[in-house]
Structures are given as C-alpha cells and as structure tokens.
Amino acid sequence: SELNSKGTRICERGGMAIDFIVREVSSLTIAKWIIWNLDFDRLYFYGEDNPLHISVNSYQPKKQIVLMLEKNGRRMPKIMSVNKFNLL
C-alpha cells in the first residue's frame, strides 16, 4: 500500500492498484468488461483513449466507479452506478 511521508497508509483500506491501457481496444470497452466480470475496489475512468486505474484490496470490494470529468482544465471525480456507467 502507498505510504505518505510519515510512513502511514494513504488509504486505510490498503490494497494495490494499476494504471493500464490497451491501445487496440477502447478503455470504455475494457472498463465495462471489468465491471461485469471482476471484483475490484475502485475503477477510475478518464476517457476512452486514456489509461484505466483499477484498485483491489483484501476486504470486501466496493466496486466503486469514478468518472473523471474535465472541467476548467482540471479533473473532477463523479461517482457513478454500474447501470449509469453502462449507458456511456
């Protein structure tokens, strides 16, 4: 788990994460497959042509989907339900 400068976990839930992209496939297609087929804690979606961020932990997975919207040059998180995400 990632630690801050004091050696304390940044996220108390622990776990691990990865950012990845598959150049030949839309990140939206991959995200939808992950949502319906895998356990995960959080999925951050930055757009169809951008990497996905997926985290897992040893607790009960939250399966939280976070859409990262760009507004005024900054990314703003918006938590989405599985059903709303599938409408994208």
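## Phe45 and its neighbours

Setting aside neighbours within four places in sequence, Phe45 is in contact with Ser27, Leu28, Ala31, Leu52, Val66, Leu67, Met68 and Phe85; contact here means heavy atoms within 4.5 Å. Keep in mind that this is a predicted model, where local features need pLDDT of at least 70, side-chain atom pairs count only at pLDDT 80 or more, and totals for chains, interfaces and linings use all residues. Residues are numbered from 1 along each chain as its sequence is written, and side-chain values use heavy atoms, with hydrogens and water left out.

One of those contacts brings us to the rings. A search of the whole structure turns up one aromatic pair. The ring centres of Phe45 and Phe85 sit 5.3 Å apart with the planes at 85°, so this pair is edge-to-face. For reference, rings of Phe, Tyr and Trp (its six-membered ring) pair if their centres lie within 6.5 Å, and planes under 30 degrees apart are called stacked, over 60 edge-to-face, and the rest tilted. Phe45 belongs to strand 2 (residues 42–45) and Phe85 to helix 2 (residues 82–85), so the pair ties together parts that are 40 residues apart in sequence. Helices (H or I, at least four residues) and strands (E, at least two) are DSSP runs, numbered from the N terminus.

## The nonpolar core

The largest nonpolar core has 14 residues, and those with the most contacts inside it are Ile34, Phe40, Leu43, Phe45, Leu52 and Phe85. Such a core is a set of buried Ala, Val, Leu, Ile, Met, Phe, Trp, Tyr and Cys residues joined through side-chain atoms within 4.5 Å. Helix 1 (27–37), strand 2, strand 3 and strand 4 each supply at least two residues of this core. Which element gives the most? That's helix 1, with five residues.

Phe20 is found in strand 1 and is partly exposed, with a relative accessible area of 25%. Leaving aside neighbours within four places in sequence, Phe20 touches Ile30, Ile34, Pro51, Leu52 and Ile54. The C-alpha atoms of Phe20 and Leu52 are separated by 5.5 Å, though the two residues are 32 residues apart along the chain.

Gln64 is in strand 4 (residues 64–71). At 15% relative accessibility, Gln64 counts as buried. Beyond its neighbours within four places in sequence, Gln64 is in contact with Phe40, Asp41, Arg42, Leu43 and Ile79.

## Two positive phi values

Most residues other than glycine have a negative phi. Lys63 has a positive one, near 55°; Lys63 lies in the loop between strand 3 and strand 4 and is partly exposed at 30% relative accessibility. Asn72 also has a positive phi, near 55°. Asn72 lies in the loop between strand 4 and strand 5 (74–80), and is exposed, with a relative accessible area of 74%.

Methods: Buried < 20%, exposed > 50% of the residue type's maximum accessible area, 1.4 Å probe, protein only.
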